[in-house]
Amino acid sequence: MTKTLVAGLEKYLSKGLADHYRPLKDTLPNGLKDGSHVTVIGGGIAGSAFARQLASLAQEHDKSIKISMVNSTNCNYCGGLITNVALDTLSQMYKLEVPDNLVLKQVDECIYINQEGSVTVHLPHPLTATLRTSRFGLPGFDDSIKERITDGLSAETAANIEIIEPTLAKKVEKNNDGKHKWRVILSKRNSDNTNMVIDTDVVVIACGFRALKRPMLENFQHLTGYKPPQTIPASVTEVDTSGAIYNKIDNRMFILDGIIKDCVVAFVPKGPKWLTLTVLNRKLEKQDITELFQHPEVKKYIDLPDAANSLRCHTLCSAQVYTGASVNFYGDDWLIIGDLTGYGRILKDGYFAAFLGARLAAETLIYYGSDKRSLKKGYHKRLKHFPKDNLFGRHLFNINKRLQNQKWFSRYFIAAARSETDTEDGSWVHGALRALSTGELTYRAIAVFFTLGLIRYPFRLLAGKIGRGK
Ligand SMILES: Cc1cc2nc3c(=O)[nH]c(=O)nc-3n(C[C@H](O)[C@H](O)[C@H](O)COP(=O)(O)OP(=O)(O)OC[C@H]3O[C@@H](n4cnc5c(N)ncnc54)[C@H](O)[C@@H]3O)c2cc1C
């Protein structure tokens, strides 16, 4: 009975895109004028998606908008787990699918591990695992979006898009030429040894967190009053598992909660020879990798004796993830998109947020305009549901971090989760763990699911209703 209720609730509450996207009420394209020039700094997921969307809406409404996208082709970190919410957004809003040759695994099971044991959580709708960049000799997801910005657009529209890479935007300044609002100075030098410059009407910053504390962004903050979101440290690496004595990971991802103190680690499989390892709340050290791979619950699935020396790039990349929203992220003729806004679901599903935000920003420019008032109405207002739910996400993360340090709680948590394994999909605790992987429920719903599952466990124990689970 409860299981049917939980399954029904999961289905009802996971309305995905429809929950997040509110179409604009009046849809006359009264925004950017014909001949406007928009410059996007950063060609990751958000910048590429935005460029495609702006060009496509301009074409739909017969506007000629020039788009320049400047990108420094740094590695965009590893990761590459695409949720179904992100896939649907990509397909419905951008008319793009993930080509088969990019898909390295369809993940249909999550093994949750804490200090006191493990539990298997079934994912009824598999998640798609890809590489992000093409630097490892296989095509990457982020790169594939950039390569398909003009797919399906007319030759005339495509000719209005200029991608300048690999180039770093060094500075954005106010323009004094009387015609344009901004001047973007690029690191590339012309043959006469002067810096390349772009004179432009609108500037869109899509640089991601690698730009934090760099002169370009710091100067832009000073110029506009933009304040980046708060972040916590993260870390990521790709592990080469070809040296494993055995590898039974198959289509499973792993969440390792509190195995490294105060951190949540994820293992995402990428085919028989790859495993991505991401960590929230800390910069990974080599001894952490050894500790993780020697954990008895991990060893049930893989035995990789020299894991710390089996890293694809021989490096552990440190990164950052946001835990709150930025302040002043738009103004007259400028806006921030992607991670640097902090408007998405914290700690999960960054692709989805980048796709959604890019769409809202492009729509606002085409239908309303690039002034601060228009951006407030068409862009900011439609992102406002994120921070409220993220409050729950932040508390959940912090409370769990404290509790997982308590032996009794870790044991209790595993016992409650295991008690639900008399059916494949489990019940409240399984639903919550599943949603952390799939991104299909709000943090509010996840908090309620965890609470109900954990409160209910002793009553079921007393009533003798509990199966033996694993
Ligand atoms: C370790 C880690 C793992 C993750 N894994 C996942 C995952 O599996 N699934 C998921 O959905 N989300 C994941 N995310 C979140 C996701 O990566 C981000 O939400 C998403 O990449 C944000 O896109 P973006 O375009 O804002 O920034 P980015 O992807 O960082 O792109 C920014 C681009 O701007 C360029 N750039 C920077 N400065 C300049 C400059 N001055 N001039 C020109 N170009 C510049 C950079 O080179 C880069 O190409 C992960 C995040 C981290 C940190």
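Me: How many Å separate the centres of domain 1 and domain 2?

Reply: Domain bounds come from an automatic or database domain assignment, and here the centres of domain 1 and domain 2, taken over C-alpha atoms, are separated by 39 Å. The contact between them, meaning heavy atoms within 4.5 Å, takes 11 residues from domain 1 and 10 residues from domain 2. The assignment gives domain 1 as 2-10 + 406-462, domain 2 as 31-90 + 139-228 + 323-389, and domain 3 as 100-132 + 231-320. This is a predicted model, in which local features need pLDDT of at least 70 and side-chain atom pairs count only at pLDDT 80 or more, while totals for chains, interfaces and linings use all residues. Residues are numbered from 1 along each chain as its sequence is written, and side-chain values use heavy atoms, with hydrogens and water left out.

Me: Which residues are buried in H13?

Reply: An α-helix has 3.6 residues a turn, so residues three or four places apart point the same way. Helices (H or I, at least four residues) and strands (E, at least two) are DSSP runs, numbered from the N terminus. In H13, Phe 409, Ser 410, Phe 413, Ile 414, Ala 416 and Ala 417 are buried, where buried means under 20% relative accessible area, exposed over 50%, and partly exposed in between (1.4 Å probe, protein chains only). Seen down the axis of H13, the buried residues fall within an arc of 160°, so they line one face of the helix; the arc is that of the directions from the helix axis to the C-beta atoms. The face turned away from the buried side of H13 carries the exposed residues Lys 407 and Trp 408. The buried residues of H13 pack against several elements, including strand E4 (105-114) and helix H12 (385-403).

Me: Which way do the residues of strand E10 point?

Reply: In a regular strand the side chains alternate between the two faces of the sheet. From E10 (residues 202-205), Val 202 and Val 204 point one way and Val 203 and Ile 205 the other way, and all are buried. Two strands pair if DSSP finds at least two bridges between them: E10 runs parallel to E1 (residues 37-41), with 4 bridges, and parallel to E19 (residues 334-336), with 3 bridges. Val 204 is the bridge partner of Val 40 and also of Leu 335 in E19.

Me: How many disulfides does a search of the whole structure find?

Reply: A disulfide is a pair of cysteine sulfur atoms within 2.5 Å, and the search finds 0. The sulfur of Cys 110 is 17 Å from the closest cysteine sulfur, in Cys 263, too far for a bond.
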